[in-house]
Amino acid sequence: MGDGSCSLHRKDTAMRLLQGNISTRFKVIYGVFFLIIISSTVWLSYLSSKGSMEDQLRSTNTALLNLIQQKIEMMLKEIDTNTINFIQEPDVEFFLNGKYANDELRLNYFRILNARFKTLMFTNNNISSFYLYSLANKSLLTDATFSDESSFYDMAWHEAFVSMKGYQQWLDTRKVMEFTSGVQIEKNMVTLVRSYPLISMPQFRKGAIVVNVAESTISNLIQDVDQQRAGQTLVINDQGTIISSQNKNQLFHSLDTIVGAPKMSDLQDNGYITQYTKNGSYTTFYLTSAYNGWKYISIVPDPEMNRPLEIVRNLLLAVTGGMFLLAIVLVFAVSNWTFRPLELFFRSVAGKKSVRSGDLTYMETFFKQMMSDNELLQKQMHESLPALKWRLIMSLLMGDKTNYERMRPYFEMLGMDLYDNQFVVFVIELDRMQEADFTPRDIYLFTYAISNVAEELVGGVCKGTSVELSDGRVAVIMSFESQDDQGNQIHALQVADLVKDYVANHFKQTVTVGVGSPYLHLDGIQSSYQEALSALKYKLIMGDNTVVSIDDIAGSNHNEKFYRITGLIDSIVNLVRDTDKAKLRTQLDKTFHEVVAGNMPPELIKQMCIQIIMKSIKVISEKGMEIKEFLDPKENIYNRIDSCVKVEELKSYMSGFLHQLIVRTEEKRLSKGHHDTIEQVLQYLEEHYMDSDLSLNLLAAQFELSVPYLSKLFKETTETNFMDCLIGIRMEKSKELLRDSKLKINTVAESVGYNNPQSFIRIFKKYTGYTPGEFRENLKKGEDMKNGEWENR
């Protein structure tokens, strides 16, 4: 008995020791394991999210800077548009051309211009002041004064106007002395100088309009956005001089004087750059304006910019500590619960009865659930691969600021087999989507099928991938093993032709393909993609079912071509003025043939069409016609022209619009009756034509009408101007007086209202083709011939 008891006691002791050792080891091992797992997971999560968060921070700062640029340029373009509309007013043209018959007429126009000045400044309160500069008279007119060029208080802009090669230019911030309520105040101004006429070479300019905008207006727009983050935002010119800043002490200084600012040579195009100084590191975001060449830069201290990262890091550390404490608690609880079956097992081994047999069944349930979750995760991963592939390709095409080398490992995982260099992008676009009434589902199916076909055809030549875009487009990326730019470009064009032909033969649809240039590295994919989109725009010229390479449209001097067709534009406008429909159609055909043969960019062709319409509307309005009676208020001319995808469609629209304009003009002209007021004016001219001081101003005062209204009324009723009508009356009266051979030429001139006989002789010859003396001789010869005939009879 003693030996048996000792044996049992030794077994119980061994069991407790074995159980204690296993439980302790479990707690220690799993405690360390959870610590490593939690720490590694949190740290890897932080590292993986750090890059994306840094990109998001940079994207946010870039977006804010983009917002500042858009708000400022929207304001500047609005001012520019108002200036264009203002400078085309007839009153403005009279001043800039310097054509005034007398001082009274000039003062009358000055009053009208003064009212227009106030209206413009009331309409756009961002305009601080502006001047009209007449090159013919060397004089300037503002809303408050008229002055000669030599005595005007602000001529600092004149040098830029003389050297200006384009049609308009925004000048950098400058000091301008302005007079407000009789007080001279020096202000910081940004100045717009726009030439007149709007589109003219420097040697044909007749004047300019100069618009001053307070620099504080720009800085206030910056401040509205800049309140959302730390750092400061500046506007600089291409030499690095500060144009606008919330700190006015920084104006007119170089960018080098700003703490943390990079060198001007480092700011190329758009992007960001980090600068390390003894005061810390700074990140500078910069954008270059395509509108006026200014650079918008934002200098942000890195500690301020990275503060959200610090908050996330501290939060993750706190979460790590909490999760570790929770894991320890769970390890102790689970270990105590888990080892209860082991305790029963050891008791059974020790000779005791076992308790319930189902204590470990939860482990089976747990593993089944884990296997089920794993299968579900793999299924979700497989379903998400196309979306991940699409996002990765779009990042390459759109040029997202990312680490391209970090993207390469994902290519194979997402089924993208690409070489390491030589990339070409071409874009495929479905033709006639609107005409064919495709539904969104139809477009999706076509683009999906075309994308698969393109990938297969590319695979026969090189390596590549494709992705469906919106609006019936497919982008294809090709990569080549060799670094032969010319050969690779030819291969890309051949594949594009194969895709085009395949779609035409099998899908019974047509596509247009734009092909970009080859680039050596991944970051060139964006440039090739943008070139392919630019080439697609030439579908307007080349038509559907074509392949357009960027090489087909590069290198042309489009400005020279535009100047060459300016005469054709004026010819079209003159035919609209003359309401000649037959010649108009021929001239339109000639103009569009020349722009297509000259390979002019689609944007420039559409701009030309808009100019033809605007000038045609203007010449019709000069005849006294109300344009609102001709135009459909529901139709937006700009959107209609921009929606045209073919040159023939554009020409058809222009022909129809101008033809309708002429038809309506002729109908309006036929429907007009004689105006009672003009009848009285014509009667007055018949009775007072001999008054030498007879003028439009005198008539307006006589009949209590404004000069512009009387002039417009005269044109609408008689389809001629006042002066031509008066000359016609005087010349007919002078013909009657010249029949009396006793009257001298001087007497005849005075009798019809000319104090200067030379002026009378010159006008008479221009009107009849003869001098008064020659006319009288012809009358005499005619009478002699009649008398001879009577004598013969």
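**Briefing: a cavity lining, aromatic pairs and model confidence**

Sorted by class, the residues that line the largest cavity are two nonpolar, two polar and two charged ones. The structure described here is a predicted model, and its chain has an average pLDDT of 78, with 81% of the residues scoring at least 70. The points below take up the cavity, then the aromatic pairs, and finally the confidence along the chain.

**The cavity**

- When the whole structure is searched, one cavity of 30 Å³ or more is found, and the volume of the largest cavity is about 50 Å³.
- The residues lining the largest cavity are Lys 581, Leu 584, Arg 585, Leu 588, Ser 655 and His 659.
- Two helices, H17 (581-597) and H20 (647-671), each contribute at least two residues to this lining, and the largest share, four residues, is supplied by H17.

**Aromatic pairs**

- A pair of aromatic rings is described by two values, the distance of the centres and the angle of the planes.
- The count for this structure comes to 18 aromatic pairs, and one of them is the tilted pair of Tyr 653 and Phe 657, with 6.1 Å from centre to centre and 40° between the planes.
- Tyr 653 and Phe 657 are separated by about one helical turn, because they stand four residues apart in helix H20.
- Tyr 653 counts as buried because its relative accessible area is 10%, which is under 20%, and Phe 657 is likewise buried, with a relative accessible area of 13%.
- Phe 764 and Phe 775 form an edge-to-face pair, with 5.6 Å from centre to centre and 75° between the planes.
- This pair links distant parts of the chain, since Phe 764 lies in helix H26 (residues 757-768) and Phe 775 in helix H27 (residues 772-792), eleven residues apart.
- Both Phe 764 and Phe 775 are buried, and together with Tyr 754 and Phe 760 they form one aromatic cluster.

**Confidence along the chain**

- Among the elements of the chain, the lowest mean pLDDT, 54, belongs to helix H15 (residues 558-564), whereas the highest, 91, belongs to strand E8 (residues 242-244).
- Across residues 352-363 the pLDDT is below 50, and in the model this stretch has seven contacts beyond near neighbours in sequence.
- Residues 789-793 also have a pLDDT under 50, and for them the model has zero contacts beyond four places in sequence.

Note on methods. Residues are numbered from 1 along each chain as its sequence is written. This is a predicted model: local features need pLDDT of at least 70, side-chain atom pairs count only at pLDDT 80 or more; totals for chains, interfaces and linings use all residues. Side-chain values use heavy atoms; hydrogens and water are left out. pLDDT is the predictor's confidence in each residue, from 0 to 100. Contact means heavy atoms within 4.5 Å. On a 1 Å grid over the protein atoms alone, a cavity is a set of points where a 1.4 Å probe fits but cannot get out, and a pocket is an open set with protein on both sides within 12 Å along at least five of seven lines; lining residues have an atom within 4 Å of a point. Grid points are joined across faces, edges and corners, and a volume is the space filled by probe spheres set on the points. Ala, Val, Leu, Ile, Met, Phe, Trp, Tyr, Cys and Pro count as nonpolar, Asp, Glu, Lys and Arg as charged, and the others, Gly among them, as polar. Rings of Phe, Tyr and Trp (its six-membered ring) pair if their centres lie within 6.5 Å; planes under 30 degrees apart count as stacked, over 60 as edge-to-face and the rest as tilted. Buried means under 20% relative accessible area, exposed over 50%, partly exposed in between (1.4 Å probe, protein chains only).
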